[in-house]
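Keep the model open as you read.

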Amino acid sequence: MTTQTTAPGIPGTPASKTATGLIGIPPHLGRALATGGGALTVVSAFLAWTWTSAFPGDLTVYGYPGGLQVLALVGGALTTLLGLSSYGVKGLRWLTPAGADGAIKFAALATFATVWYTVLAITADLGGVVNLEPGGFIAAIASLAALLGALALPFERPEPEPYDPDDTGWELFRHRLRAGRDITKAAFAGGTARPVGALPSYVEILIIVAVLGIGLTVFTYGIGTEYDELFIGFLITAGFGFAALNKSGLISQASQITARHQNITICGAFVAAAMFPFTQTDDQYATVGVYILIFGTVALGLNIVVGLAGLLDLGYVAFLGVGAYAAAMVSGSPNSPFDVQFPFWAAALVGAGASLVFGVLIGAPTLRLRGDYLAIVTLGFGEIFRITANNLDGTSGPDITNGSNGISSIPNLNILGFDFGTEHAIAGFTIGRFANYFFLMLLITAVVVLIFRRSGDSRIGRAWVAIREDETAALAMGINGFRVKLIAFALGASLAGLAGTVQAHVTYTVTPEQYLFAGPIPPNSAFLLAAVVLGGMGTISGPLIGAALLFLIPNKLQFLGDYQLLAFGLALILLMRFRPEGLIPNRRRQLEFHEDAEAPTVLPKAGA
């Protein structure tokens, strides 16, 4: 069998690199179509899309977009602005420092997907296309025209791989699939953003404030979506819109500016988060916010163990449970075996200290193991903790944890006369119970971020990274691997215990079933590990964003019922397939994952 190395490629694919689009429309016409389609979509958002208010969001009003129309408006406006920037319109060139074409395609895709999802939802819910008003038809046609025009924008096609003329039909089909995948990937690829020049400090700080303000607005809108259709539309617009901004180079340039002012960015992020309860009219979504902070703080602790030290811990949620149980026992619960009520600072020290002790006791005999063996041992510890807490009920063992009933009636915190269980008025805003705990948990999260950042930049942090990259080489260089890993294990456990002290007061009750390895409701060990991997191992913001997504999305997808975990699992698989380094990776891991991905574009040029 001979392999053809000079053939043009797979039949049906271009023989050489040419700058053409996916659709045979002239590029200048495609650009105008994408820009005009986006603008027409913006106009259609001010028209009525249906005649009845039975569809959620009331899309019957002229001149005032509502519900999903707002998302279509955002997508259309983004497509229009990027299109105008591609024409070199003065004052808009800064929108596309890495090139406009890839960004326009994603923005047009966001607009098309949002509009057509809305139109199809109206048709399905109300019983046919007859329920659409002219505004709905105009939006559908305009978004389709924008997408077709964007797909006509030229891009440099990759050289097709050589094929064997003796290949079977199935092998040739697989060749065509790979070629189509490479062409599609090249069509949506973006350029490299130019470095941001030195700007006055106040300008860069204003840019950081604007970025944080946009982030707070997007998060507040997403968490406050009132019905299922709106949340799905939000996911579509936010996902493709973020991809468009990333391809345009704005995300890269914003990252460069924030990297110059890390301290200001971190402080600003916490100030923006503190504004969240003031954007809410009731305590409903503050509940979600405080649970996200608890989940994110525990994920940050696990990030020390997994992200920095490279230790796979599958029973980490047990440390959260140890801290919660320890704090509950000394906080005045009538179900506690100890008739004491410590102040919060003392209860927090007890919870963190108990988790620290358990971390050392579990880590000392097991951290000489590596890889899968360590993962199995930690998984066993998590299950042993849950079973032991179930059995300490006075029947199967001593009456310490009250068995499966847990420790209930944990009183609200009272710090310096501030009762966390009652409403308070701050600057004319009414702050409820969960908002009170949100502020407390935000303060604890800030402490954990400070610990993570300082420890990661320290000598011990560099030792963790060395152990993670190559333990054998680190040991050969004189690093005490066992001691370093034990410190990481103990520190991560104590941070989880600290978060557990607040969780005990927020939930009123601590039970063994709250601390499973896997389950539909976080936090559990599987979700914590997924938050670290999804967000980006070894970073500060990655686990926090991963925790927010992993808590918020299942909470909003409850309408799927039994298919909730299936859809969620498929989304995770797709994300790990196309972005294995996480949403916000550190540079080292990003290069590790994409080093091989860049090889095929280089090897054909060398005639490999």
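The paragraphs below take up salt bridges, a helix pair and a surface patch.

This is a predicted model: local features need pLDDT of at least 70, side-chain atom pairs count only at pLDDT 80 or more, and totals for chains, interfaces and linings use all residues. Residues are numbered from 1 along each chain as its sequence is written, and side-chain values use heavy atoms, without hydrogens and water.

Start with charge. A salt bridge puts a side-chain nitrogen of Lys or Arg within 4 Å of a carboxyl oxygen of Asp or Glu. The whole structure holds six salt bridges. One of them joins Arg31 to Asp101, with the closest N and O atoms 2.9 Å apart. Arg31 lies in helix α1 (residues 27–44) and Asp101 in helix α3 (residues 101–126), so the pair ties together parts 70 residues apart in sequence. Helices are DSSP runs (H or I, at least four residues), numbered from the N terminus. Arg31 is buried, at 16% relative accessibility. Buried means under 20% relative accessible area, exposed over 50%, and partly exposed in between (1.4 Å probe, protein chains only).

Now go to helix α13 (residues 371–391). Arg386 and Glu383 both lie there, three residues apart, about one turn of the helix. Their side chains meet in a salt bridge (2.6 Å, N to O). Arg386 is buried at 16%, while Glu383 is partly exposed at 25%. A network of salt bridges links Glu383, Arg386 and Glu513.

Next, the helix pair. Helix α9 (residues 262–274) packs against helix α14 (residues 433–456) at about 165°, with axes 10 Å apart. That makes α9 roughly antiparallel to α14. Axes are lines fitted to C-alpha atoms over the stretch in contact, and angles run from 0 to 180 degrees between N-to-C directions. Angles over 145 degrees count as roughly antiparallel.

Finish at the surface. Tyr563, Leu566, Leu570 and Ile573 form a nonpolar patch, with about 450 Å² of accessible area together. Patch residues have over 30% relative accessible area and no salt bridge; nonpolar side chains (Val, Leu, Ile, Met, Phe, Trp, Tyr) are joined within 5 Å, like charges within 9 Å. Accessible areas come from the Shrake-Rupley method with a 1.4 Å probe; for residues, only the protein chains shown count as cover.

Key
Helix = DSSP H or I, 4+ residues; strand = E, 2+ residues; numbered from the N terminus. Parallel < 35°, antiparallel > 145°, perpendicular 65-115°, else oblique.
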